[in-house]
Amino acid sequence: MKNKILLFTNLLFISAVSILNVFYQLKDFNYTLKCITSILFATLGIINLIYAKKTNLNNTSFYMFQAIALILAMLGDILININFIIGAATFALGHIVFIFAYHTLIKLRAKDILFGTLLFIGAGAFILFYPRFDFGGIIMKIVCLVYALIISFMLGKALGNFFLKKNAVNTTILLGSILFFFSDLMLALGRFTDLGSWTSHACMGTYYPALCLLAFAMHLKIRKDLKVKT
């Protein structure tokens, strides 16, 4: 019964985030709606962490890192509207914590680094050579390159985990990480090019589903761990 309540709670929060995401974009990216929506996915991560600890699961490191990363993503959402560099730095720290979370599932391997390196070569080349980018100076370009490096290795680790163990948890994490990577690409295009407002809609249209998937992966891991425990 408790597991069903947790599933219902996850689905309820994810539905609320999805609905608010629509209104957030319809209301011309209203900052207050953005903050509320982001607080919801971070709260879901905390709820899943608390449940994992209360059920006395043997290893709660994954849940702890995942919840911290979701909180940092929420803070990044709030801060990036105030100061882009501070917000981006907060997001980057969140990506690093996500990598630690993925590492608790399967230890870092050479293939993870290879995947991350290949992704960064592509992302870095895009940042350096796409002619429509205008970063307004070298500092912002470096910030974006460092950010691209970190999220490339986050996605690289998710890919490595998935190819080693194709289970529900790793699949969900991979899908969330892919959407997160794409969302950040759209964020860069929206901030530093003149391509139009569609980039902002593409960014947020994939960002919130990404965070919902990463939070829901915690629930899937709880179910898996409880089966092993019993």
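Colleague: What is the average pLDDT of the chain?

Modeller: This structure is a predicted model, and pLDDT is the predictor's confidence in each residue. Of the residues, 99% score at least 70. The average over the chain is a pLDDT of 94.

Colleague: How far apart are the end C-alpha atoms of H5?

Modeller: Helix H5 covers residues 110–129. Its 20 residues, at 1.5 Å a residue, should span 28 Å. The model agrees with this expectation, because the end C-alpha atoms of H5 are separated by 28 Å.

Colleague: Within what arc do the buried residues of H5 fall?

Modeller: The buried residues of H5 are Asp112, Gly116, Ala123, Gly124 and Ile127. Viewed down the helix axis, they line one face of H5, because their directions fall within an arc of 105°.

Colleague: Which exposed residues does H5 carry on the face turned away from its buried side?

Modeller: The buried residues of H5 have a cover that includes H6 and H7. The face turned away from the buried side carries exposed residues instead. These are Ala110, Lys111, Leu118, Ile121 and Phe129.

Colleague: Asp112 has a salt bridge with Lys157; how many residues apart are the two?

Modeller: Side chains of opposite charge can pair when their charged atoms come close. For Lys157 and Asp112 the distance from N to O is 2.8 Å, and both residues are buried. Lys157 belongs to helix H6 (residues 138–164) and Asp112 to helix H5, so the pair links distant parts of the chain, 45 residues apart.

Colleague: Which parts of the chain hold Asp194 and Arg132?

Modeller: The side chains of Asp194 and Arg132 form a salt bridge of 2.9 Å, N to O. The pair ties together parts that are 62 residues apart in sequence. Asp194 lies in the loop between helix H7 (168–192) and helix H8 (198–229), and Arg132 in the loop between H5 and H6.

Colleague: About how many helical turns separate Lys221 and Asp225?

Modeller: The side chains of Lys221 and Asp225 meet in a salt bridge of 2.9 Å, N to O, and both residues are buried. They are four residues apart in helix H8. The separation is therefore about one helical turn.

Colleague: Which side chain of opposite charge is nearest to Asp184?

Modeller: Asp184, in helix H7, is buried yet has no salt bridge. Leaving out residues up to four places away in sequence, it touches His95, Tyr147 and Ile151. A salt bridge needs the atoms to be within 4 Å, whereas the nearest side chain of opposite charge is 10 Å away and belongs to Arg191.

Colleague: What is the relative accessible area of Asn21?

Modeller: Asn21 lies in helix H1 (residues 2–26). Beyond its neighbours within four places in sequence, Asn21 is in contact with Thr37, Met204, Gly205, Tyr208 and Pro209. Asn21 is buried, with a relative accessible area of 7%.

Colleague: What is the relative accessible area of Met218?

Modeller: Met218 is placed in helix H8. Not counting residues up to four places away in sequence, Met218 touches Gly45, Asn48, Leu49, Phe62, Tyr63, Gln66, Ala67 and Leu70. Met218 is buried, and its relative accessible area is 0%.

Colleague: What is the phi of Asp28 near?

Modeller: Asp28 is placed in the loop between H1 and helix H2 (31–54). At 63% relative accessibility, Asp28 counts as exposed. Its phi is positive, although the residue is not glycine, and is near 60°.

Methods: Residues are numbered from 1 along each chain as its sequence is written. This is a predicted model: local features need pLDDT of at least 70, side-chain atom pairs count only at pLDDT 80 or more; totals for chains, interfaces and linings use all residues. Side-chain values use heavy atoms; hydrogens and water are left out. Buried means under 20% relative accessible area, exposed over 50%, partly exposed in between (1.4 Å probe, protein chains only). Lys and Arg count as positive and Asp and Glu as negative; His and the chain ends are not counted. Contact means heavy atoms within 4.5 Å. pLDDT is the predictor's confidence in each residue, from 0 to 100. The expected span of a helix is 1.5 Å times one less than its number of residues. The arc is that of the directions from the helix axis to the C-beta atoms.
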